[in-house]
Amino acid sequence: MKVEKERALQEHRLRFGHEGLIYAAPARVNLIGEHTDYTGGLVMPMAIDFKTIAVVSGRQDGLAVFYSANYEEEVSFEIASLARAASGRWSDYPAGVLWSLLEAGISMAGCNVSLMGNVPLGAGLSSSASIEVATAMALLGHSGIELPLEKVATLCRRAENEYVGAKSGIMDQFVVAGAVAHRAMLLDCRSLSFELLPLPDQVRVVICNSMVKHAVATGEYGNRRDEVEVGQDILRRERPGIELLRDATLEDLEVCKGKMTEESFSRCRHIITENERVLDARKALLDGDMGKFGELMVLAHESMRDDFAASCPEIDGLVRIAMEQQSCFGARITGGGFGGCTVNVVRADKAERFVETLKREYSTSTGIQAECFVCEPSDGALELAAKGGA
């Protein structure tokens, strides 16, 4: 991290001629609780040690200038006249955060913001939230403003929903902003209350990138969200007391089955049962029962594959290969779906062998060279010291 920090500071100084404040925001992986967040449900993510680094310094002309080292591209916006106008490019994410802060009544002086990071794009590890939160931290730091975790996450979510146009929930931005090292986070996406849960020392989380990319701002992700919302609206209308899908039971859903499409019924069934699995997973962690936790992960994958129809053959193959290894407690798709990554919980002393086998067998069956990462829960977004330290 120290090397990346010094590189980011130097690149900003060379490009803009000024020293800057520096911030970092991690990526995240979701252990269980998929597509539940935007219906007020339960999720269990953790931050992981991929980072977006943002460096910010002032300028006097009323512009916000964003530079991406990854794309080697610079864009600028007139702060006083910034409109909601997404371009479909990387710059939508930092520009969307700036727009969201301005919409919230936060005044912003001219600034230069350099961004660089190593979060895999389109892998379901929330590269977008990492960029958004890093940008928000930088812009707020530049303005000398501190906001509560919930407010930072909410403003970044608004940027993604209303500026970028991705129909995501609050999970990604919340855990990226507020995660704690060595802990998974059980987050109630309605109340934004959360509980920090320890992972046993004898396990590791292995992320495997199928190299099949997805884009959440368009396509099937948005279709699934629409199907869920149609079903949720029917349940709200037909069953008094239901405000969000979070409030519904399988019995409620069965009563309304004839009033919704088969697709909406299946999508809602996934979310209702997934909320139950998250609570069961919490108990398994507190009991130290990783066998049960792993079983719940596999059930969650099957539900994503069958009821939510958001998996793909490559991901299903990775889960199958993983579960054939005795060292693996559980495996499933993680993220929005339609590609991206699997998350695997494995015995710590067998993690490297697990990775070797998974990559070899996946390559043999698909011809694709997967990327795998052995991870531990990391801290959320933070300001980095300008000199020295990590």
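How exposed is Glu195? Glu195 is partly exposed, at 27% relative accessible area. Here buried means under 20%, exposed over 50% and partly exposed in between (1.4 Å probe, protein chains only). The views below come from a predicted model, in which local features need pLDDT of at least 70, side-chain atom pairs count only at pLDDT 80 or more, and totals for chains, interfaces and linings use all residues. Residues are numbered from 1 along each chain as its sequence is written, and side-chain values use heavy atoms, with hydrogens and water left out.

**View A. Glu195 and its contacts.** Glu195 sits in strand β7 (residues 194-198). Strands (E, at least two residues) and helices (H or I, at least four) are DSSP runs, numbered from the N terminus. Contact means heavy atoms within 4.5 Å. Not counting residues up to four places away in sequence, Glu195 touches Ala184, Met185, Leu186, Arg282 and Leu286. Ala184 is eleven residues from Glu195 in sequence, and their C-alpha atoms are 8.4 Å apart.

**View B. Helix α10 and what covers it.** Helix α10 spans residues 313-323. Its buried residues are Ile315, Gly317, Leu318, Val319, Ile321 and Ala322. The cover over them includes β8 (203-209), α9 (290-306), β9 (328-334), β10 (341-347) and α11 (351-366).

**View C. Helix α10 against helix α11.** The two helices pack at an angle of about 135°, with axes 10 Å apart. Axes are lines fitted to C-alpha atoms, for helices over the stretch in contact, and angles run from 0 to 180 degrees between N-to-C directions. Angles under 35 degrees count as roughly parallel, over 145 as roughly antiparallel, 65 to 115 as roughly perpendicular and the rest as oblique. α10 and α11 are therefore oblique to each other. From α10, Glu314, Leu318, Ile321 and Ala322 meet Phe354, Thr357, Leu358, Glu361, Tyr362 and Ser365 of α11. By class, this contact of α10 with α11 has six nonpolar, two polar and two charged residues. Ala, Val, Leu, Ile, Met, Phe, Trp, Tyr, Cys and Pro count as nonpolar, Asp, Glu, Lys and Arg as charged, and the others, Gly among them, as polar.

**View D. Helix α6 against helix α8.** α6 (residues 220-238) and α8 (residues 262-287) pack at about 90°, with axes 8 Å apart. That makes α6 roughly perpendicular to α8. α6 contributes Arg224, Glu227, Val228, Val230, Gly231 and Gln232, and α8 contributes Glu263, Ser264, Arg267, Cys268 and Ile271. The classes in the contact of α6 with α8 are four nonpolar, three polar and four charged residues.

**View E. The largest nonpolar core.** A nonpolar core is a set of buried Ala, Val, Leu, Ile, Met, Phe, Trp, Tyr and Cys residues joined through side-chain atoms within 4.5 Å. The largest has 48 residues, and Phe66, Leu98, Leu101, Val113 and Leu139 have the most contacts inside it. Helix α3 (residues 127-143) gives the largest share of this core, seven residues. Beyond its neighbours within four places in sequence, Leu101 is in contact with Ile106, Met108, Leu139, Leu140 and Leu155. Apart from this core lies another, of 34 residues, including Phe50, Ala184, Val203 and Leu296.

**View F. Positive phi at His35 and His182.** His35 has a phi of about 65° although it is not a glycine. Its loop lies between β1 (21-32) and β2 (42-58). At 4% relative accessibility, His35 counts as buried. His182 has a phi near 70°, in the loop between α5 (171-178) and β6 (183-188). His182 is exposed, at 51% relative accessible area.
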